Amino acid sequence: MKKLVGNDSLVTEFVLVGLTNNPEIQLPLFYLFLMIYVVTLVGNFGLITLIGLNSHLHTPMYYFLFNLSFIDLCYSSVFTPKMLMNFVSKKNVISYVGCMTQLYFFLFFVISECYMLTSMAYDRYVAICNPLLYKVAMSRQVCSVLSLMAYAMGFAGATAHTGCMLRLTFCNASVINHYLCDILPLLQLSCTSTYVNEVVVLIVVGINITVPSVTILISYIFIIRNILHIKSAQGRLKAFSTCSSHIVAICLFFGSAAFMYLKYSSPGSMEQGKIASVFYTNLGPMLNPLIYSLRNKDVKAALKKVITKIRNRGLF
């Protein structure tokens, strides 16, 4: 729908193209992404519940994991319902207000996740490199400040991007070449200058990828150096195992996000970007609880304890 203003027509709603236009694979993709979404909801909500119910998981590492699961649960729910609708409907329409709202919350949770993963890297650094100071360096107050800073950076980044997007005018083009309202596809539709927006993208995205990436890299350089100095092979293996899950999650998230936002926004790269974005928007939130639980003895032990309690109460 378009609203006439003078000789121009302003867009009041957008049409989301979706992941693909091929009608033959729409239904299989619907079931695939529905399954991914269900696993994401169950996995992250289950991990949140498990950490909340088990007092021995009330440690800094699991505090950050609790927040990571909360973020994954929220931001996958920001766009997945609309994405699923696109697979089964002929025309997936989203209002202008709805699009800007989706953009804001999507960016808020994505940027927050960047810094939450960074906090988790710092936690591992302190645990392995300064174990004697761990309780002091990662006190409840420090953990609270780190998590609040992560959400504050998400708020700042989302506000900057969405604020700049609201100043743009969308005249005739209303078809978004994506399955969600994201920055680069929206910039391609603007009939006014996007120079300021592009500068903001370079600055904000550059900061939100570079700062966490460099911090994580430095943390793991010290971690690896410290691990290599451990004389016991069993000790080295144990130290590596505590970091391996986090490394996998970081590579999946930052790799696909960097490919999506730092690549030039040509039509060809946008198609590649849609595929790349699936990894950090859909697969990442689904895999995170599996990565952190299947490779974690504490989580598996807590899960067995909860299942045993449920069985003893006769709920199964």
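The legends below describe close-up views of a predicted model.

**View 1. Confidence along the chain of the predicted model.** The protein has a mean pLDDT of 85, and 90% of its residues reach 70 or more. Among its elements, helix 5 (residues 140–166) has the highest mean pLDDT, 96. Strand 1 (residues 2–5) has the lowest, with a mean of 48. The pLDDT is below 50 over residues 4–9, and this stretch makes eight contacts in the model beyond near neighbours in sequence. Where pLDDT is low, predicted coordinates should not be read in detail.

**View 2. Helix 2 against helix 3.** Two packed helices are described by the angle between their axes and the distance between those axes. Helix 2 covers residues 60–88 and helix 3 covers residues 96–129. Their axes lie 9 Å apart, and the packing angle is about 160°. Angles over 145 degrees count as roughly antiparallel, and helix 2 and helix 3 are therefore roughly antiparallel to each other. The crossing of this pair, helix 2 and helix 3, is left-handed. Residues in the contact of helix 2 with helix 3 fall into 17 nonpolar, four polar and five charged.

**View 3. Helix 2 against helix 5.** Here the axes of helix 2 and helix 5 are 10 Å apart, at an angle of about 20°. Angles under 35 degrees count as roughly parallel, so helix 2 and helix 5 are described as roughly parallel to each other. Helix 2 passes helix 5 in a right-handed crossing. On the helix 2 side, the residues that meet helix 5 are Pro 60, Tyr 63, Phe 64, Asn 67, Phe 70 and Ile 71. On the helix 5 side they are Cys 143, Ser 144, Leu 146, Ser 147 and Tyr 151. By class, the contact of helix 2 with helix 5 has eight nonpolar, three polar and no charged residues.

**View 4. Helix 3 against helix 5.** The axes of helix 3 and helix 5 are 7 Å apart and form an angle of about 150°. With the cut-off for roughly antiparallel set at over 145 degrees, helix 3 and helix 5 are therefore roughly antiparallel to each other. Helix 3 and helix 5 cross in a right-handed sense. The contact of helix 3 with helix 5 is made up of 18 nonpolar and eight polar residues, with no charged ones.

**View 5. The disulfide between Cys 99 and Cys 181.** A disulfide is a covalent bond between the sulfur atoms of two cysteines. The count of disulfides in the model comes to two, and one of them joins Cys 99 to Cys 181, with an S to S distance of 2.1 Å. The link of Cys 99 and Cys 181 is left-handed, with -125° about the S-S bond. Cys 99 sits in helix 3, while Cys 181 sits in the loop between strand 5 (175–176) and helix 6 (183–187). The pair is 82 residues apart and links distant parts of the chain.

Technical notes. Residues are numbered from 1 along each chain as its sequence is written. This is a predicted model: local features need pLDDT of at least 70, side-chain atom pairs count only at pLDDT 80 or more; totals for chains, interfaces and linings use all residues. Side-chain values use heavy atoms; hydrogens and water are left out. Axes are lines fitted to C-alpha atoms, for helices over the stretch in contact, and angles run from 0 to 180 degrees between N-to-C directions. Helices (H or I, at least four residues) and strands (E, at least two) are DSSP runs, numbered from the N terminus. Angles under 35 degrees count as roughly parallel, over 145 as roughly antiparallel, 65 to 115 as roughly perpendicular and the rest as oblique. A crossing is left-handed if the near helix is turned anticlockwise from the far one by less than a right angle, and right-handed if clockwise. Ala, Val, Leu, Ile, Met, Phe, Trp, Tyr, Cys and Pro count as nonpolar, Asp, Glu, Lys and Arg as charged, and the others, Gly among them, as polar. pLDDT is the predictor's confidence in each residue, from 0 to 100. Contact means heavy atoms within 4.5 Å. A disulfide is a pair of cysteine sulfur atoms within 2.5 Å.
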